[in-house]
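Thanks, everyone. Please have the sequence and the model open while I talk. I'll go element by element.

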Amino acid sequence: MIGAVAHLARNLHAGYVLAREGALSLIDASVLPPGARLGLGLARLIEKQRAGGGAARLSSALTRLGPSYVKFGQFLATRPDIVGVEVARDLESLQDRMPPFPKAEAVATIEAAIGRPVSDIFVSLSEPVAAASIAQVHRAVLSDGRTVAVKVVRPGVREQFHKDLQAMRFAARLAERTLPEARRLRPQDIVETLARSVAVEIDLRLEAAALSELADNTGADPGFRVPRPDWDLTQRDVLTTEWIDGIPLHRLDLIDAAGHDRPALARTVIQSFLRQAIRDGFFHADMHPGNLMVDGEGRLVAVDTGIMGRLGLKERRFLAEILLGFIRRDYRRVAQVHFDAGYVPAHHSVEDFAQAIRAIGEPIHNRRASEISMARLLTLLFEITSLFDMATRPELVMLQKTMVVVEGVARGLDPHLNIWATSEPVVRDWIERNLGPIGRVEEAGRGLATLAKVVSDLPEMAQRTERLLAKLERVADQGLGLSPVQVTTIGQRPTRNLSFIALGIWVVVVILLFGLAAL
């Protein structure tokens, strides 16, 4: 009861801040039931009378509420399928910038994590150069002369996230119980996904591992690199990497002054992302301009790997064939790939879905990036997925949203970039390598390895089946040994449940026997 009261108080405070800052202006009252419309109208009476659109107001409210809510807003920006395209686009403007905490606290955290005095580790350690919701970054110089970036977790941030996430879980449960309209959005699943994301981001060892894996994957890629971590100076609360002297991609004036080739950079942005997603199945999922720089040699450098995406071979093949189908305007193939992957229920028509896909592809073909509205395309795409009962796949939604961000970064560098022509070589190479003769041989090898594993497991499967049948025979001969309490409890339940349990057991046995016979 005390916990529920505390969660309720936290949520009421969050609601007050959202209402006071005017963030509730983003809600479309016309889609709400009458009671909710009345509540929204009353809440908006306390709005501050000030200039600023919905995005600015929401950003202000979430920043005021603290790190957990800033991270929540960023997470929702990656889920336009949940909050809608317009709101997701507004949330993209939410910058993860927080006031820095004192350098003395960072020093204490570093010394506790590394187990040595800072003076023994660094020749110098700067004041914070950047601060976000989870951590802040300092520039430091090691005794061997190397300049490094030292990322330090905010003191107390884990405890704060834990309290806020518990309050969010409480609100999500309450919403699903009391608001039937909210169940479709699965608020509890959303909060749990956020909790998992935060758990990864808040352990800087995992970010170091992501940097290391990304560096290994892209080491031979032209014009792209990531800073490598220093594992000796990395712990849960501290991440040390090489320092990058570079120009952020949004500083076009500095990029031009340095003489860098902006169209070439734009192509590198697109192709690097596609290589990560399609070739490696492991991609940087937060490629906004603040996390991308160009170094003195003209190479694209990606930093901050707290948010990464993964795709299995099935999803990578799906993505490659979809992109190639769009590039070649083979919408029938694009539709068939959706059905083959099981993303569209079989009761729909492939031809009807191909027609809907054509409505997305034709308006953007052979057009420059400056002529394409990605927000409009996303709106149409989500309308089509809803029309054809497509299940939401979080990993594909994250991929899709990252593609939109990447396209926006490339468009900023080169407004005349042809996205499809830039993408085609990467997609074609992967398909030729993986779906051609070599790929088929490798797939056959994987199939043989799987078959060999099944064959090697046969003796154990047979022993398990034998033990299960022996137990069933004992039950048939001797009956079930139950205590008086168990007998009383079972007697209070409908007897038809027993028949269902028995049926279930025999179904399992029959399935096992048929499986063994088939092998």
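Predicted model: local features only at pLDDT ≥ 70, side-chain atom pairs only at ≥ 80, totals over all residues.

Buried or exposed, or in between? Asp-304 has 29% relative accessibility, so it counts as partly exposed.

Now the open sheet. What is the strand order? It has 4 strands, in the order E1-E2-E3-E5, and the pairing is antiparallel. At the edges sit strand E1, residues 122-131, and strand E5, residues 238-242. Each of those pairs on one side only. From one strand to the next, the twist averages 25°.

Let's walk across it. E1 and E2 pair antiparallel, over 6 bridges. A hairpin of 3 residues joins E1 to E2. Pro-128 has His-138, in E2, as its bridge partner.

Stay with His-138. On E3, Val-150 stands opposite His-138. The E2 and E3 pairing is antiparallel too, with 7 bridges. The hairpin of E2 and E3 has 4 residues between the strands. In that hairpin, Gly-145 takes a positive phi near 95°.

Last step across the sheet. Strand E3, residues 147-153, is joined to E5 by 5 bridges, and the two run antiparallel. Lys-151 has Leu-239, in E5, as its bridge partner.

What lies across these strands? Helix H7, residues 103-114, lies across E1, E2, E3 and E5. H7 runs at about 120° to E1. Strand E2, for reference, is residues 135-142.

Next, the cores. The largest nonpolar core has 91 residues. Which members touch the most others? They are Leu-249, Phe-273, Ile-278, Phe-326 and Phe-353. There is also a second, separate core, of 15 residues. Phe-101, Ile-121, Val-148 and Val-150 are among its members.

Now the aromatics. The count comes to 3 aromatic pairs. One of them is Phe-339 with Phe-353. The ring centres are 6.1 Å apart and the planes stand at 75°, so this pair is edge-to-face. The cut-off for that label is over 60 degrees. Phe-339 is in helix H16, residues 331-340, and Phe-353 is in helix H17, residues 350-361, so the pair ties together parts 14 residues apart in sequence.

How buried are the two? The cut-off is under 20% relative accessible area. Phe-339 has 14% relative accessibility, so it counts as buried. Phe-353, at 1%, counts as buried.

Phe-353 has another partner. Phe-353 and Phe-388 make an edge-to-face pair, 5.0 Å centre to centre, with 75° between the planes. Why does this pair tie together parts 35 residues apart in sequence? Because Phe-353 lies in H17, while Phe-388 lies in the loop between helix H18, 374-387, and helix H19, 394-413. Phe-388 is buried, as is Phe-353. Put together, Phe-339, Phe-353 and Phe-388 form one aromatic cluster. And recall that Phe-353 is also on the list of core residues touching the most other members.

Helix H12 covers residues 204-218, 15 residues in total. Does 21 Å or some other span fit? At 1.5 Å a residue, H12 should span 21 Å, and its end C-alpha atoms are 21 Å apart, which agrees. Its buried residues are Leu-204, Glu-207, Ala-208, Ala-210, Leu-211, Ser-212, Leu-214, Ala-215 and Thr-218.

Then helix H11, residues 187-201, which holds Asp-189. At 42% relative accessibility, Asp-189 counts as partly exposed. Asp-189 and Ala-172 are 17 residues apart in sequence, and their C-alpha atoms are 8.7 Å apart in space.

That's my tour. Thank you.

Terms used. Residues numbered from 1 in each chain as written. Heavy atoms only, no water. Core = buried A, V, L, I, M, F, W, Y, C linked by side-chain atoms within 4.5 Å. Buried < 20%, exposed > 50% of the residue type's maximum accessible area, 1.4 Å probe, protein only. Expected span 1.5 Å × (residues − 1). Pairing = 2+ DSSP bridges. Axes fitted to C-alpha atoms, helices over the stretch in contact; angles between N-to-C directions. Contact = heavy atoms within 4.5 Å. Phe/Tyr/Trp six-rings, centres within 6.5 Å; stacked < 30°, edge-to-face > 60°.
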